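Colleague: Hi! Could you walk me through this model?

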Amino acid sequence: MTEAAACGLPLCAFDVAYGPAEIINDGKNGILVSDGHNQELADRIVKLIRNPTLLQNMSDEARKGVTRFMNSNVSQMWKEQIVNR
């Protein structure tokens, strides 16, 4: 997901344990729906495709939001965790 966001793709996923909700801010940088709600996911993707402004806004937010997962930022978070223990 982070690679897709870095390329400016709005993220679309089901809200399953351990992952998507940590990366996707629903309605900002992508679409996050309850697990198994297939029709809702499909409907929201179609809405995104049909709305170029929304698509561009989510694309921009996806690029911005993914910076927190860059190696340098993640490395720093690990260092802080280790030092503070």
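Modeller: Happy to! Let's begin in helix α4, which covers residues 52-65: D60 and R63 both sit there, 3 residues apart, about one turn of the helix. Keep in mind that this is a predicted model.

Colleague: What do D60 and R63 form?

Modeller: D60 and R63 form a salt bridge, with their closest N and O atoms 4.0 Å apart.

Colleague: Are those two buried, partly exposed or exposed?

Modeller: D60 is partly exposed, at 30% relative accessibility. R63 is partly exposed too, with a value of 40%.

Colleague: How many salt bridges does the structure hold?

Modeller: There are 3 salt bridges in the structure. One of them joins D26 and R44, whose closest N and O atoms are 2.8 Å apart. D26 is in the loop between α2 (20-23) and β2 (30-34), while R44 belongs to helix α3 (residues 38-50), so this pair ties together parts that are 18 residues apart in sequence.

Colleague: And how exposed are D26 and R44?

Modeller: D26 has 36% relative accessibility, which makes it partly exposed. R44 is partly exposed as well, with a relative accessible area of 23%.

Colleague: Which residue pairs with E61?

Modeller: E61 makes a salt bridge with K64, and the closest N and O atoms are 3.1 Å apart. Both residues are in helix α4, 3 residues apart, or about one turn of the helix.

Colleague: Why does K64 count as exposed?

Modeller: K64 counts as exposed because its relative accessibility is 53%, and the cut-off for exposed is over 50%.

Colleague: Nice. Changing topic: how many helices and strands are in the chain?

Modeller: The chain has 5 helices and 2 strands. Starting at the N terminus, the elements follow the order α-β-α-β-α-α-α.

Colleague: What size of box do the C-alpha atoms fill?

Modeller: Taken along the principal axes, the box filled by the C-alpha atoms is roughly 45 × 25 × 15 Å.

Colleague: And what share of the residues is buried?

Modeller: Of the 85 residues in the chain, 22% are buried.

Colleague: Which residues make up the largest nonpolar core?

Modeller: That core has 8 residues: A5, L11, A13, I23, I24, L32, A62 and V66. Another core, of 5 residues, lies apart from it, and its members include I31, V33, L41 and L48. As a general point, nonpolar side chains in soluble globular proteins tend to be buried together.

Colleague: Let's zoom in on I23. What is it in contact with?

Modeller: If you leave aside neighbours within four places in sequence, I23 is in contact with M1, T2, L11, N29, R68 and F69.

Colleague: What does L48 touch?

Modeller: Not counting residues up to four places away in sequence, L48 touches P10, C12, I31, L54, L55 and M58.

Colleague: How far is L48 from G36?

Modeller: Their C-alpha atoms are separated by 19 Å, and the two residues are 12 residues apart along the chain.

Colleague: How do the axes of α3 and α4 cross?

Modeller: The two axes cross at roughly 100° and come within 5 Å. That angle makes α3 roughly perpendicular to α4.

Colleague: Which residues make that contact?

Modeller: From α3 the residues are K47, L48 and R50, and from α4 they are P52, L54, L55 and M58. By type, the contact of α3 with α4 has 5 nonpolar residues, no polar ones and 2 charged ones.

Colleague: Last topic: where is I82?

Modeller: I82 is in helix α5, which covers residues 71-83. With a relative accessible area of 61%, I82 is exposed.

Colleague: Great, thanks for the tour!

Terms used: Residues are numbered from 1 along each chain as its sequence is written. This is a predicted model: local features need pLDDT of at least 70, side-chain atom pairs count only at pLDDT 80 or more; totals for chains, interfaces and linings use all residues. Side-chain values use heavy atoms; hydrogens and water are left out. A salt bridge is a side-chain nitrogen of Lys or Arg within 4 Å of a carboxyl oxygen of Asp or Glu. Helices (H or I, at least four residues) and strands (E, at least two) are DSSP runs, numbered from the N terminus. Buried means under 20% relative accessible area, exposed over 50%, partly exposed in between (1.4 Å probe, protein chains only). Contact means heavy atoms within 4.5 Å. A nonpolar core is a set of buried Ala, Val, Leu, Ile, Met, Phe, Trp, Tyr and Cys residues joined through side-chain atoms within 4.5 Å. Axes are lines fitted to C-alpha atoms, for helices over the stretch in contact, and angles run from 0 to 180 degrees between N-to-C directions. Angles under 35 degrees count as roughly parallel, over 145 as roughly antiparallel, 65 to 115 as roughly perpendicular and the rest as oblique. Ala, Val, Leu, Ile, Met, Phe, Trp, Tyr, Cys and Pro count as nonpolar, Asp, Glu, Lys and Arg as charged, and the others, Gly among them, as polar.
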